[in-house]
Amino acid sequence: VGYVLATLLELDVLRLLGIPAASVLMLMIIAALEEAIKYLAASTIVRHSDFDELIDGLIYATVAALGFAFLENVMYSLKYGLDSTFFLRGTLTTLAHVLFAAPWGVAMAVKKFIGGHYVLRSALLLSMMLHGAFNFLLLEQQKNPWYLLPILALFVSMYLLTLSYYRTVLKRNRNRIHGGRMLEKAVASDE
């Protein structure tokens with residue numbers, strides 16, 4: 001259902017309905033919708049007993065992102081065919097979806113093990129904004145042959161941001177994260 005809504009928005013339904021200046025707004029709506037869909041898919045596992053480590057948030061977010069990217073790329077190829085653009089787009093968007101999911105994936109685990117709804121909301125908002133920026137850069141590719149440079153800068157920034165956030169969470173909450181069952185698991189893995 002969510003993917004169908006995102007696809008309709010990508011078909012520029014707002015512009016077709018005569019809503020002016022809808023392109024940038026539409027890019028942000030698509031980004032917000034896609035991140036929400038991926039989050040909802042990943043959040044179904046949070047209460048499961050297998051979600052027992054901080055890294056699990058990142059793992060399940062990545063799985064949800066890869067599943068979404070796969071479906072999106074299949075639909076794109078059915079609509080536009082398998083040309084050289086598809087392979088570049090398929091690679092970029094798959095990596096992008098994983099990177100967009102990383103902040104809220106870590107935040108999902110932080111919320112479960114440490115608490116704090118604001119952390120998850122902030123991470124989701126950040127992911128949505130980065131996703132919107134990426135969508136805009138992809139739209140601009142037709143006008144600027146150097147479009148890959150800002151996309152690469154965005155990817156590097158997203159990676160460094162997520163890595164820094166994850167390390168900060170680990171450092172600040174080591175005692176709380178490694179309490180109880182998680183401490184036993186950490187000791188067992190060291191042996």
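Trainee: In this predicted model, which residues of the largest nonpolar core touch the most other members?

Mentor: The largest nonpolar core of the predicted model comprises 25 residues. Those touching the most other members are Tyr39, Leu54, Trp104, Met108, Val110 and Leu120.

Trainee: Which helix gives the most to this core?

Mentor: At least two residues of the core come from each of helix 3, helix 4 (55-80), helix 5 (84-113), helix 6 (117-140) and helix 7 (148-172). With 9 residues, the one that gives the most is helix 5.

Trainee: Which residues does Tyr39 touch, not counting residues up to four places away in sequence?

Mentor: Tyr39 is itself among the core residues that touch the most other members. With residues up to four places away in sequence not counted, its contacts are Trp104, Met108, Leu120 and Leu124.

Trainee: Where in the structure are Lys38 and Glu35, and how many residues apart are they?

Mentor: Lys38 forms a salt bridge with Glu35, and the structure holds 1 salt bridge. Both residues belong to helix 3 (residues 22-43), where about one helical turn separates them. Their spacing in that helix is 3 residues.

Trainee: Is Lys38 buried or exposed, and is Glu35 buried or exposed?

Mentor: The closest N and O atoms of this pair are 2.7 Å apart. A residue counts as buried under 20% relative accessible area. Lys38 has 1% and Glu35 has 0%, so by that cut-off Lys38 and Glu35 are both buried.

Conventions. Residues numbered from 1 in each chain as written. Predicted model: local features only at pLDDT ≥ 70, side-chain atom pairs only at ≥ 80, totals over all residues. Heavy atoms only, no water. Salt bridge = Lys/Arg side-chain N within 4 Å of Asp/Glu carboxyl O. Helix = DSSP H or I, 4+ residues; strand = E, 2+ residues; numbered from the N terminus. Buried < 20%, exposed > 50% of the residue type's maximum accessible area, 1.4 Å probe, protein only. Core = buried A, V, L, I, M, F, W, Y, C linked by side-chain atoms within 4.5 Å. Contact = heavy atoms within 4.5 Å.
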